Structures are given as structure tokens and as C-alpha cells.
Amino acid sequence: VVTPQKVMEQNGADILRLWVVSSDYYNDLRIGPEIIKRTTDNYRRFRNTLRYLLGALDGFDTAEQVAYADMPELEKWVLHRLASIDVAIRDMTETYDFHGIFSELHQFCNSDLSAFYFEIRKDMLYCDSPDETARRACRTVMDEVFNRLTAWLAPILCFTAEEAWQSRHADINHSVHLRSYDPVPADWHNAAVAEKWAQIRKIRQVVMSALETARNDSKIGASLQATPTVYMPADMLSVFSGQDAASLFITSAAILSADPPPVDAFRLEAVGDVAVAVAVADGEKCARCWKITPEVTAERDICGRCHDVVSAAS
């Protein structure tokens with residue numbers, strides 16, 4: 001027997017609540033040190049997501065917001081995910097499917113945000129000019145993610161959600177527990193964007209695996225040291241129209257090609273029509289954004305983008 005008091009003394013009440021909702025109560029319930037440890041790891045994913053959002057949103061106000069029509073497609077995809085999750089969570093709340101709510105939110109924080117959206121937009125947040133429309137759109141979307149995520153987590157992680165909410169608003173009379181789920185604008189539901197980005201993520205999975213293999217073979221260090229050439233059919237190539245493939249792959253440059261791939265190109269069995277050849281990026285490392293580009297010289301140790309941002313700020 002593991003008493004609730006002991007778990008709360010050692011790990012806190014939110015860990016115990018998270019164990020309850022993460023347990024599949026259609027089967028026998030189990031609890032012990034290893035299970036509590038896994039629950040604590042899941043808790044850290046939620047907490048770290050909220051911490052990242054709080055840092056990225058420092059100084060954000062309504063004047064910085066960007067209208068939906070002016071947002072890049074990646075931001076529209078995140079809003080579509082929020083809209084889809086909102087529908088699912090409202091339904092699961094009505095049927096008391098707490099395990100389903102946990103699974104939905106954990107997948108969103110772990111896969112959609114941490115391993116995808118946050119990774120891609122980190123460079124933009126750190127290095128672009130604060131008044132750039134794309135950066136403002138990113139922070140607008142992150143504000144929406146924060147508002148909805150704290151509301152969805154509040155019934156489960158009561159103390160953590162309140163702590164995160166008060167860290168932004170510092171108004172004890174405006175508790176997260178006095179909120180309801182915010183309504184979702186109808187235009188956030190965008191099936192075409194969802195389908196397109198599902199395809200991009202599938203191709204990106206092959207590229208990221210190829211980069212990891214090149215890293216393990218000591219061909220590259222960080223992914224920014226690489227320039228992948230991605231071979232795919234012409235119809236798949238079209239999904240990257242208007243996109244910066246290098247930023248999506250977190251590389252310094254990227255080449256997309258409909259040509260037949262080399263025999264030794266990297267492939268994933270699950271995505272057989274995509275192949276990747278990884279080469280070392282050409283140029284020198286920018287001291288500010290760490291991308292490797294021919295623009296960096298002995299006379300100027302930062303790239304053109306960083307030079308423009310720094311010059312405008314000085």
C-alpha cells in the first residue's frame with residue numbers, strides 16, 4: 001500500500017492528481033516508486049512547457065497581436081491544433097474521460113510543441129527583430145496556447161496552473177480556477193492546413209533521423225552544421241512552397257529536389273518515397289544565431305540578418 005499522504009509529502013499533490021488522470025482505470029490500477037517517477041517525468045513536461053511559454057511571452061501585450069489572416073501557415077497549424085484539442089477536451093470533460101484528457105495534453109506538449117513548434121521557432125524568437133510580423137505572430141499564438149493550456153490543466157494540476165497564471169497576471173482575485181474554457185474562433189479550424197503540415201512533419205521526420213545518423217557517424221555536430229538535400233516526388237515537393245525548409249529542419253541551409261536520390265541516401269522504411277543526403281554546411285558560424293553561412297567573414301562575424309537586427313536596435 002502507498003498512502004496518498006506519503007506521495008504528497010514527497011512529490012506534492014499535483015503529482016498524485018496527475019497519477020490519477022494518467023492511469024487507465026479500465027484496468028487494474030498500479031502505483032509504486034517507478035510509476036511515481038514516470039508520473040513526475042510527465043509532470044515536468046507540462047511544467048517545462050509552461051515555463052518556456054512564460055519566458056517567450058515576457059513583455060507581450062495586446063498591441064503586439066497579429067490577425068489570423070496575417071499569420072504564417074505554421075502558426076495557423078498550431079491554432080488548428082488548439083481548436084481540435086478544445087473540441088476533444090470539452091467532449092471528454094462531459095464524459096469524465098480524464099485519462100483521455102491527459103493523453104491529449106501530453107501529446108500536444110511533448111510532440112506538437114516541445115519537439116516541433118518550439119524547436120522551429122526558437123531561432124525566430126531569439127534572433128529576429130521584435131517588430132517582425134512573423135515573430136509577433138509567433139508570440140500571439142504562444143499567448144493563445146498559454147491561455148488555453150492553463151485552463152485545460154487547472155482541474156488536474158491545480159497548484160501548477162495557478163502558479164503559472166499568477167506569474168503572468170499577478171492578480172490574486174483573477175484566479176485560473178475562476179476561468180472557463182475560452183471560445184475558439186471558427187476560422188481556426190483549417191483542415192487544409194492540417195493536412196499539409198501532416199505531410200511536412202512526415203518528411204521532416206526523415207530529415208531529422210538522417211541528421212541524427214550523421215551526428216552519430218561524427219559527420220556533423222549540431223544540426224546547424226548541416227545542409228541536407230531532401231529528395232521527394234514533385235507532388236510532395238509542392239507542400240514546401242513558401243516555406244523556409246532550413247528553419248523547419250533547424251539547419252543552416254536545405255536543398256529540396258525532385259531528382260532521383262543517390263543510392264546511399266538515408267531513408268526511413270515508414271516514408272519510403274523520401275531520401276536525404278547530408279552534407280556539411282558551407283561557410284563560417286554566425287556569432288549571434290550560430291548558423292553557418294558564406295556571409296560570415298573575418299571582417300564581419302555575424303550574418304546579414306543578424307547584422308540588420310543589431311544595427312536597427314543600436
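User: Which residues is Arg81 in contact with, leaving aside its neighbours within four places in sequence?

Analyst: In this predicted model, Arg81 is in contact with Glu104, Phe108 and Asp112, once its neighbours within four places in sequence are left aside. Contact here means heavy atoms within 4.5 Å. Arg81 itself is placed in helix 4, residues 73–94.

User: Is Arg81 buried or exposed, and how do you know?

Analyst: Its relative accessible area is 15%. The cut-off for buried is under 20%, so Arg81 with its 15% is called buried.

User: Good. Now Phe159: what makes it buried or exposed?

Analyst: Phe159 has a relative accessible area of 55%. Exposed means over 50%, so Phe159 goes into the exposed class. You will find Phe159 in helix 7, residues 158–169.

User: What does Phe159 touch, not counting residues up to four places away in sequence?

Analyst: Phe159 touches Ala13, Asp14 and Arg17. Take Ala13: 146 residues separate it from Phe159 in sequence, yet the two C-alpha atoms are 8.3 Å apart in space.

User: On to the surface. What makes Tyr25, Tyr26, Leu29, Tyr96 and Phe98 a patch?

Analyst: A patch takes residues with over 30% relative accessible area and no salt bridge, and joins nonpolar side chains within 5 Å. These five form a nonpolar patch on the surface, with about 620 Å² of accessible area together. Tyr26 sits in the loop between helix 2 (13–22) and helix 3 (33–56).

User: Where do Ser218 and Ile250 fall, buried or exposed?

Analyst: Set each value against its cut-off. Ser218 has 63% relative accessibility, and the limit for exposed is over 50%, so Ser218 is exposed. Ile250 has 18%, and the limit for buried is under 20%, so Ile250 is buried.

User: I always check the cysteines. How many disulfides does the structure hold, and how do you know?

Analyst: The structure holds zero disulfides. The test is a pair of cysteine sulfur atoms within 2.5 Å. For Cys109, the closest cysteine sulfur is in Cys138, 16 Å away, which is too far for a bond. Cys306 is in no disulfide either; its nearest cysteine sulfur, that of Cys303, is 3.6 Å away.

User: Are Cys109 and Cys306 buried or exposed?

Analyst: Cys109 has a relative accessible area of 0%, so it is buried. Cys306 has 0% relative accessibility, so it counts as buried as well. Cys306 is one of the buried residues of helix 11 (residues 304–313), along with Gly304 and Val309. The buried residues of helix 11 pack against helix 5 (98–127).

User: What makes a set of residues a nonpolar core, and how many residues has the largest one?

Analyst: A core is a set of buried nonpolar residues or Cys joined through side-chain atoms within 4.5 Å. The largest has 78 residues, and Leu105, Tyr117, Met142 and Phe240 have the most contacts inside it. Helix 5 gives the most to this core, with twelve residues. Another core lies apart from it, with seven residues, among them Cys127, Cys286, Cys289 and Ile302. As background, nonpolar side chains tend to be buried together in soluble globular proteins.

User: And which residues does Tyr117 touch?

Analyst: Not counting residues up to four places away in sequence, Tyr117 touches Leu74, Glu75, Val78, Asp112, Cys138, Val141 and Met142.

User: Finally, what does the protein chain look like overall?

Analyst: The protein chain has eleven helices and six strands. Of its 314 residues, 46% are buried. Its C-alpha trace spans about 60 × 50 × 40 Å along the principal axes.

Notes
Residues are numbered from 1 along each chain as its sequence is written. This is a predicted model: local features need pLDDT of at least 70, side-chain atom pairs count only at pLDDT 80 or more; totals for chains, interfaces and linings use all residues. Side-chain values use heavy atoms; hydrogens and water are left out. Patches are made of residues with over 30% relative accessible area and no salt bridge: like charges are joined within 9 Å, nonpolar side chains (Val, Leu, Ile, Met, Phe, Trp, Tyr) within 5 Å. Accessible areas come from the Shrake-Rupley method with a 1.4 Å probe; for residues, only the protein chains shown count as cover. A salt bridge is a side-chain nitrogen of Lys or Arg within 4 Å of a carboxyl oxygen of Asp or Glu. Helices (H or I, at least four residues) and strands (E, at least two) are DSSP runs, numbered from the N terminus. Buried means under 20% relative accessible area, exposed over 50%, partly exposed in between (1.4 Å probe, protein chains only).
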